[in-house]
Amino acid sequence: RSERAIAGARDLARFVAGLPGRSTVSLLGHSYGTVVVGRTPHSARVTDVIALASPGMDAGSAGGLRTRARVWAARAPGDPIGYTPHVRVGGYGHGTDPIDPRFGALVFRTGSVTRHDGYYAPGTESLTNLARIALGRASEVSLDANDH
């Protein structure tokens with residue numbers, strides 16, 4: 001269900017609004033955190049939204065998110081979150097899988113990552129791609145072969 005994500009989204013939006021300066025922001029969610037990010041109304045300073053190992057973002061597509069940011073997604077081949085039914089019925093589930101081409105996210109490669117908790121491991125293609133996105137170097141991100 002999404003009740004906790006809805007509450008977290010309000011807090012995340014307030015946090016982003018309260019950041020000092022004018023720097024851009026990349027919002028990254030992992031697992032259920034992607035539901036929080038998907039429920040957050042994003043300010044203009046949010047340039048990138050990233051969903052790692054997502055059960056869904058409570059949106060049918062990237063266009064259904066409340067953002068003008070680029071939307072990215074990734075999931076390692078061996079990550080068990082891939083077995084989550086990506087549906088939303090009667091308040092249960094979180095909808096379309098962000099790595100599904102119909103969702104419309106830019107899907108990037110994770111390289112050697114095989115588990116649900118390995119995306120931030122030093123030296124992985126996943127961490128390298130996350131750093132490239134956060135640094136505004138989107139053209140250097142290694143996309144999944146099925147994405148363009």
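Colleague: How do you know where the positive and negative charges of the protein lie relative to each other?
Modeller: In this predicted model, the mean positions of the 17 positive and 12 negative charges are 8 Å apart.

Colleague: What makes up the pattern of the protein along the sequence?
Modeller: The order is α-β-α-β-β-β-α, with three helices and four strands.

Colleague: What share of the residues is called buried?
Modeller: Buried residues make up 43% of the 148; the term means under 20% relative accessible area.

Colleague: How many aromatic pairs does the whole structure hold?
Modeller: The search finds one. The ring centres of Trp 72 and Phe 108 are 6.4 Å apart, and the cut-off for a pair is within 6.5 Å.

Colleague: Why is the pair of Trp 72 and Phe 108 called edge-to-face?
Modeller: Planes over 60 degrees apart count as edge-to-face. The planes of Trp 72 and Phe 108 stand at 65°, so the pair takes that name.

Colleague: What makes the pair a tie between parts of the protein?
Modeller: Trp 72 belongs to strand S3 (residues 70–74), while Phe 108 sits in the loop between strand S4 (106–107) and helix H3 (125–134), so the parts tied together are 36 residues apart in sequence. Both Trp 72 and Phe 108 are buried.

Technical notes. Residues numbered from 1 in each chain as written. Predicted model: local features only at pLDDT ≥ 70, side-chain atom pairs only at ≥ 80, totals over all residues. Heavy atoms only, no water. Helix = DSSP H or I, 4+ residues; strand = E, 2+ residues; numbered from the N terminus. Buried < 20%, exposed > 50% of the residue type's maximum accessible area, 1.4 Å probe, protein only. Lys, Arg positive; Asp, Glu negative; His and termini not counted. Charge placed at Lys NZ, Arg CZ, Asp CG, Glu CD. Phe/Tyr/Trp six-rings, centres within 6.5 Å; stacked < 30°, edge-to-face > 60°.
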